[in-house]
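Colleague: I'm new to reading protein models. Could you walk me through a few features?

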Amino acid sequence: MSAPTPTQAGFSPAFHRLGAALAAVVLQQQETLAEFLPREDWTADLTARTYSSGGVTVRVSLLGSYAVREQTWLWGWANPQFGEDHPAVRPTLAVREAGERLGVPELVTPEIDLSWYDGPAGHGGELIAVVAGGLLGGGGYIGAGYDGGSAYLHVDDPQTPRAGWDAIPVPRLVTNAVTLFPHDPRLTLARLLSHHRVPYRETPGGLEARLPGGGQAHAVFDEHGRLAEWSARVAAGPAAG
């Protein structure tokens, strides 16, 4: 069964839920990518699937592009300049397949009207890039500006470092993710933990996690479902002899 068509009033519930599940993981990886890849004058060769900036070159694929004047998102596979057989587009077709499987209209509709968007991101295309990047995993995504808009490139280069587990930025990552996708903060935190293989269990008022290397963390959500508290206690190491 095909996914329904997006409305002009907002993103679909399925898109919001997927975004809530992926956003914190993606935002953490974006921070790791920013530390690795200088954002200086850049060049890209999509046929060769390369993006170079500040002396660093990474392998990329094309997710899509956002046109400022039209306020639309166009998937790479729907762009007549590229198409689904282009070398830079083929690796991203898994996003469309996931959209078909999960019933997410934004991921299967060739061009999406985002003129209605008035949220915290610069434009609605940023949220589509977050979801697409989260589904593909990898090293993150790059917004490469051009005259009239931005092309969004997915970094799938093994040399790009992957974000590791760190309990300290968890509240910030979850808060920033919920700003973009407020659907379900508990889901946002749970998926961040599961991404890093941190065991956890749900509690009536929150969530408890068993941290790598020992120790525990406890999350409390307020009456509106927002993360109100995150306390992490790392196990003490062996005493010095």
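Colleague: Leaving aside its neighbours within four places in sequence, which residues is G138 in contact with?

Modeller: Keep in mind that this is a predicted model. Skipping those sequence neighbours, G138 is in contact with Q29, H154, V155 and R162. You'll find G138 in the loop between α3 (124-136) and β6 (140-146).

Colleague: Is G138 buried, exposed or partly exposed, and why?

Modeller: G138 counts as partly exposed because its relative accessible area is 30%, and that class lies between the 20% and 50% cut-offs.

Colleague: What about nonpolar residues: how do I read a core?

Modeller: In soluble globular proteins, nonpolar side chains tend to be buried together. Here the largest nonpolar core has 69 residues, and W73, W75, F181 and L189 touch the most other members. Helix α1 (residues 13-36) supplies the largest share of this core, 11 residues.

Colleague: Which residues does W73 contact, leaving aside its neighbours within four places in sequence?

Modeller: Among them are L63, Y66, P110, I112, L114, I128 and Y152.

Colleague: And the sheet with β8: what is the strand order?

Modeller: It's an open sheet of 4 strands, ordered β8-β9-β10-β11, with antiparallel pairing. β8 (200-203) and β11 (227-234) are at the edges with a single partner strand each, so one side of each has no neighbour in the sheet. Ignoring direction, neighbouring strands are turned by 15 degrees against each other on average.

Colleague: How many bridges join β8 and β9?

Modeller: There are 4 bridges between β8 and β9 (residues 206-210), in the antiparallel sense. Y200 sits opposite A209 in β9.

How values were computed. Residues are numbered from 1 along each chain as its sequence is written. This is a predicted model: local features need pLDDT of at least 70, side-chain atom pairs count only at pLDDT 80 or more; totals for chains, interfaces and linings use all residues. Side-chain values use heavy atoms; hydrogens and water are left out. A nonpolar core is a set of buried Ala, Val, Leu, Ile, Met, Phe, Trp, Tyr and Cys residues joined through side-chain atoms within 4.5 Å. Buried means under 20% relative accessible area, exposed over 50%, partly exposed in between (1.4 Å probe, protein chains only). Helices (H or I, at least four residues) and strands (E, at least two) are DSSP runs, numbered from the N terminus. Contact means heavy atoms within 4.5 Å. Two strands pair if DSSP finds at least two bridges between them. Axes are lines fitted to C-alpha atoms, for helices over the stretch in contact, and angles run from 0 to 180 degrees between N-to-C directions.
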